[in-house]
Amino acid sequence: MRVSSYLLPTLKEVPSDAVVSSHVLMLRAGMIRKLASGVYNYLPLALRTIRKIEKIIREEMEAAGAQELLMPFVQPAEIWQESGRWDYYGLELLRFQDRKGAGFCLGPTHEEVITHIVRNEISSYKQLPLNLFQIQSKFRDEIRPRFGLMRGREFIMKDGYSFDISKEAAIKSYEIMNQAYHRVFTRCGLSFRAVEAETGAIGGSLSHEFQVLAQNGEDSILSCSCCDYAANIEKAQCLMPDEKSASVELDHFKALEEVLTPGKKSIEDVAEFLRIEKNRLIKTLIFTADSLPVAALIRGDHDLAEAKFKSLLACNELLPADEKVIEQVTGGPVGFSGPLGMKSDIPLWVDFSVRPMMDAVIGANKKDTHLWHVYPSRDFSEKMEYADLRAARKDENCPRCLKGRYEMFQGIEVGQIFYLGTKYSEPMNAFVLDESGKKRPMVMGCYGIGVTRTMAAAIEQSHDDKGIIWPMSIAPFQVILCPVGNDDLVNQAAEELYQELKERKVEVLLDDRNERPGVKFNDADLIGIPIRLVIGKRTLAENRVEVKLRWQSESFFVDREKIGDDLVALIQANHG
């Protein structure tokens, strides 16, 4: 391919609406152009990388036993109503009606469609296991599309689905996909972590996210310094506290005491007023879980992990209660809520770190009043449930190996796998006959990879102030050839090398423009082609070619007769 005839509209200036590096560089490198909010055109350079990522995915999916199909982008409302997600999915689901008034949506994912296919085609356990996948555009109507392809509304995604006869078989399929995903992202040349994650709108009870490590990552990841445990911060487990301190004899406990705290509603204000540390206070947080009130109790210096709490409650919607609900439940104003003497009998969940607390402070459900000398082991009801509710933190001890400490990373989610169980097969009547002739719901798994998001994540992870630094395996071209000096002999030598490299199946881009060397070199760095070859009058006279690797600062020279063999070896060595 020749630059002079290639649609490669590079930009010198940073676009005003671009913030993160991948968005800036893809716009400047002529890879994407915005069509509407969160919707982009993929220009030829971007499409070459997209196709390479898709090729890697296809090869690894097929090697793992998955079969490719293609499902409609437009989906009827009926199947979403069958699964129960038509109303639950929320405003991200773009709904519309056809001319006959029938309801449809643009597919954000395809659990309903694939379940509809399989229930009509599969009837016996003998036809299982089955694993199907597609690579297709998706649409999710994000409230605030941002960061280019990182948080767009339309995007290209690989989604796959497994069907098995039992939970044990489904977990085996899940692990096969887990390993396949590791191979996909390794081949893409990415530094990543597979972390335990919440299931979100997809559902299910087990999930792992594949997070590309990057400074501008949206997600916070905690990873053990000694073992392989890693989790999204909203999911990361906390070590159970040592409860020996709670073994004080009952006669040493101080009596409960009301203390006036006029206008002191926040943890910080109460702690300062009473001259105690925040870890002596217990926060009582009131929520509505699917419209029903529920309370969570955590230590004053901790934060509630709402995703953990929502998963524990198995609710569809968890929202902070409004002032009216709080007053109805507690009998007191906002800012003074506590678990003792509530007006309404609601479920009370307590974080494990609260149980060993001594001489603590809680809200008294009365204006300007708190209760002091609270001992959960003495004062809390047996009806209260204890669980891991708080958000884990950097440098805390790992709950798995007990040896390491949590390290914090920023990540970009590029893939996620889910064990779904029978969440979709039961309501949608996707049953098969087992060995005894009994009808059983198929047990499902779901597996997604954001193709365009992976492309953006690769840039976020690997770039410098000059431009993109592509991994060899997903670079749009492997080599860019730059003749310099506008000399006929130089141009002829470059043309001959260009043809030789093409015959060797090297993906080469010839910069045949009549431009200064600096312009060519700057564009080569910007678009991030891994290997730059330069031919000029001096190197031609010496029968050598200058070679510059994008990830290195210094160039080197190779004899013209050896350049073809050396390039092929260099590409193979860096292909991942």
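**Close-up views of a predicted model**

**View 1. The loop that holds Pro129.** Pro129 lies in the loop between α5 (111–121) and β7 (130–139), where helices (H or I, at least four residues) and strands (E, at least two) are DSSP runs numbered from the N terminus. The peptide bond that leads from Leu128 to Pro129 is cis, and its omega is near 5 degrees. The model is predicted, so local features need pLDDT of at least 70 and side-chain atom pairs count only at pLDDT 80 or more, while totals for chains, interfaces and linings use all residues. Residues are numbered from 1 along each chain as its sequence is written, and side-chain values use heavy atoms, with hydrogens and water left out.

View 2. Gln416 belongs to strand β21 (residues 406–421), and with a relative accessible area of 9% Gln416 is buried (buried means under 20% relative accessible area, exposed over 50%, and partly exposed in between, with a 1.4 Å probe and protein chains only). Leaving aside residues up to four places away in sequence, Gln416 touches Tyr181, Ala197, Glu198, Ser207, His208, Glu209, Cys446, Tyr447 and Gly448, a contact being heavy atoms within 4.5 Å. With the side chain of Ser207, the side chain of Gln416 also makes a polar contact (2.7 Å); such a contact is a pair of N or O atoms within 3.5 Å, of which, within protein, one must be able to donate a hydrogen and the other to accept it, and residues adjacent in sequence count only if both atoms are side-chain atoms.

**View 3. The two faces of helix α9.** In helix α9 (residues 323–330), the buried residues are Val325, Ile326, Val329 and Thr330. They cover an arc of only 110 degrees around the axis, and therefore sit on the same side of α9, the arc being that of the directions from the helix axis to the C-beta atoms. An α-helix has 3.6 residues a turn, so residues three or four places apart point the same way. The buried residues of α9 pack against β14 (282–289), β15 (292–299) and β18 (360–366), whereas the exposed residues Glu323 and Lys324 are carried on the face turned away from the buried side. After α9 comes Gly331, which has a positive phi, near 80 degrees.

View 4. Asn486 is in the loop between β27 (479–483) and α12 (488–503), and although Asn486 is not a glycine, its phi is positive, about 50 degrees. Asn486 counts as exposed, because its relative accessibility is 58%. Lys505 is in the loop between α12 and β28 (508–510); Lys505, not a glycine, has a positive phi of about 70 degrees, and with a relative accessible area of 72% Lys505 is exposed.
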